[in-house]
Amino acid sequence: MTQDAYNFAYLDEETKRMVRRAILKALAVPGYQVPFASREMPMPYGWGTGGVQVSAAVMTPEDRFKVIDQGADDTTNAVSIRKFFERTAGVATTTRTEEASVIQTRHRIPETPLREGQILVYQVPIPEPLRFLEPRESETRKMHALQEYGLMHVKLYEDISRHGHIATAYAYPVKVEGRYVMDPSPIPKFDNPKLGRSAAIQLFGAGREQRIYALPPFSAAESLDFEDHPFDPSKADHPCALCGSEDSYLDEVITDDAGGRIFVCSDTDYCETRQARGYRGKDAA
Amino acid sequence: MIEISGLSKTFTLHNQGGAAIRVMQGAELSVAPGECVALTGASGSGKSTLMRMIYGNYLAEAGRIRVGDTDVARAAPREIIALRRETLGYVSQFLRVVPRVPTLEVVAEPLRATGVSAEAAREKAAALLEMLNIPQTLWQLSPTTFSGGEQQRVNIARGFAFAYPALLLDEPTASLDATNRAVVLELIEAAKARGAAIVGIFHDAEARARVADREVDVTGFTPGCAA
Amino acid sequence: MTETLTQTAPGRAAPPAPAAPLLSVRDLGKSYGAHIGCAGVGFDLYPGEVMGIVGESGSGKSTLLSCLAGQLAPDRGEVVFDTREDGPRDILTMSEPERRMLSRTDWAFVHQHARDGLRMGVSAGGNVGERLMAVGARHYGEIRATAADWLGRVEIDTTRIDDRPGTFSGGMQQRLQIARNLVTGPRLVFMDEPTGGLDVSVQARLLDLLRGLVRDLGLSVVIVTHDLAVVRLLADRLMVMKLGHVVEQGLTDQVLDDPQHAYTQLLVSSVLQV
């Protein structure tokens, strides 16, 4: 089978129009989960089928595409999706955040601030932030419609009562433009401050659950908290061992069988760019 | 204070072939503040029925039962509840309370219902229980486990906790020893002295003679039993 | 027939009822096809009053309660509630957001099975705190202090505040449900067989607790039960239902001691005496 056998970006034009309509609605009602007719994709659920459909729908031949998985451009999932679009859309790809026009991500927001004109596409496993405590979809939709969000705070209350602090460390819920409570996908809470007032368009696609939602540029996304337990976007208290960055999100990497470990930037592009500019951490080669 | 006129009552037993039993007709009664009227008549002549009707416990068929400003025969439930809370006290022969509630609270409850603070109500309740010789060791226990005589005294304490302007007493001295009987009679006399209108049933003739100003024989209101 | 006489129904600290009813029901009816759920029901409930609804299974009492509490849409009638902000409003013509807001602020609903009224996956403190958070409480320390206070008021050891309801006994679960409902200071409480599934010894404790709360908070209550002993101890007024119709209503002890309708007489005489 050749590349010519596919329509541009795999999906047929009618499907892309359908997805775009859902995206436009999602942008018009920030934080609201818009149902869409999610298609079967040539990859299993959980591998980013929602994100891929959103990327396919917004992609143009002129775009430059980047995919990250937990911040890294070189993991299986990221490589597969990048190749998928190279083959089905023939678009240029990149690992540089600054160069990319469409970035599909799983579980991170790039450290490099996004700019106007960029689109960040999130892969979302569970779009419903209320599901943890209210399993009935009919009820959660009503709760969103009526802004009954007390339950979100019950979850945070439970955290504090059990751990002494809000222990939710990822998929930390935000309130969008003072209206809808939204699950930002399983990004670390460290990334939450980057959600709000971003210059880029942020789109969220959940393939299995058939939902799309969005944060338009410069919209507010406030992390939920208590007055006496304010939101704290904490991270591991180390500098990156490779680039020395003090303020990027770090992965813990086990280096040997003797319990040796180092902390390195989870955003590989950010880390490499810094190293190229001469920044060095204590374990840099 | 209590004015009854043209009062009648029929029990219809729907589940026993709809038998209609006329138990009262043309009852008249008037009790002034500070006065104690004893209801007399043979057993089954309707003393308790009349008393229950005054209390709103039995429904009047026709006639008027004026207690203070309320016509019990026509009053809405909430008016009767207000009347029972503020105006009309009742000492029955039987104690019916929620199990496990301490005796002190049982006696204090009528006061609490009128807005008296918990502390003041308990103080008053304690004074009454003491007067009626209920040992202090029992005050924190539920009266449901008490002897008949003790229960009767708890019931009396409860009935006299609040200074009702009108009081109904059903055999208040039954099953009491001489000492406690004397205390109850004193309580009744004190209530009269402060102006309470009292309707009582006393089988204890001596007690009746001591506290009652008048006797009314209810046999006269009983159809078919007219004297 | 019972020869005992009741004490007064539980009185309240509140002064004599003000002129306006809190809940005013007119000609309420609900049918399930040809089957009548309830029909022609009307009554006024005043602040601080406790009204019992009795009848056997299928008499329509639960249907009626659901209609009153806005959980079921009746076919006809009015249910007018005296709201804090706007005075009397027919809850049946209210928007759903308004009705749901009422149901978590000024109203409370105590279910027969605590599981239906509790979040079993959430700690006792979280269960009590939920309604506070739902109306905007955002101070963890204050929410927790209020929850602890309420656990104390329903006689649950405050050291259990972080335990889940699944570890509680049936009676404790029911008391927790009550705390969870009353924490926002509702004025009207609906109760559906609140003592239904409990041991007799536990029932008495719960009844006593309810009586105290009703008196101290000046609550108005509509309580559905088939247990005449429960209404005798808790309710000021009684409504007897049969086949969807109200056959008799009045002062609780009067209805129980001098029942007028054949069905009520049967009901009262069928109770086993102990």
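**Exercise 1. Which percentage of the contacts in chain B with a separation of 6 or more is accounted for by residues 24 or more positions apart?**

This is a predicted model, in which local features need pLDDT of at least 70, side-chain atom pairs count only at pLDDT 80 or more, and totals for chains, interfaces and linings use all residues. Residues are numbered from 1 along each chain as its sequence is written, chains are lettered from A and ligands numbered from 1 in the order in which they are written, and side-chain values use heavy atoms, with hydrogens and water left out.

Begin with the term itself: a contact means heavy atoms within 4.5 Å. Of the contacts in chain B with a separation of 6 or more, residues 24 or more positions apart make up 69%. For chain A, the share of contacts between residues at least 6 apart in sequence that join residues at least 24 apart is 61%.

**Exercise 2. Describe the overall dimensions of chain B and the extent of its burial.**

Next, take the principal axes, along which the C-alpha trace of chain B spans about 50 × 35 × 35 Å. Finally, 56% of the 227 residues of chain B count as buried, where buried means under 20% relative accessible area, with a 1.4 Å probe and protein chains only.

**Exercise 3. Identify the buried residues of helix α2 of chain C and what covers them.**

Helices are DSSP runs of H or I with at least four residues, and strands are runs of E with at least two, numbered from the N terminus. Within α2 of chain C, residues 96-104, the buried residues include C:Arg100, C:Leu102 and C:Arg104. Their cover includes α4 (137-145) of chain A, and also β4 (76-83), β6 (107-110) and α4 (124-134) of chain C.

**Exercise 4. Work out the pairing of strands β1 and β2 of chain C.**

Two strands pair if DSSP finds at least two bridges between them. Strands β1 (residues 23-32) and β2 (residues 35-45) of chain C run antiparallel and are joined by seven bridges. C:Leu23, for example, has C:Leu45 in β2(C) as its bridge partner. The hairpin has two residues between the strands, and C:Gly33 takes a positive phi near 60° there.

Key. Buried means under 20% relative accessible area, exposed over 50%, partly exposed in between (1.4 Å probe, protein chains only).
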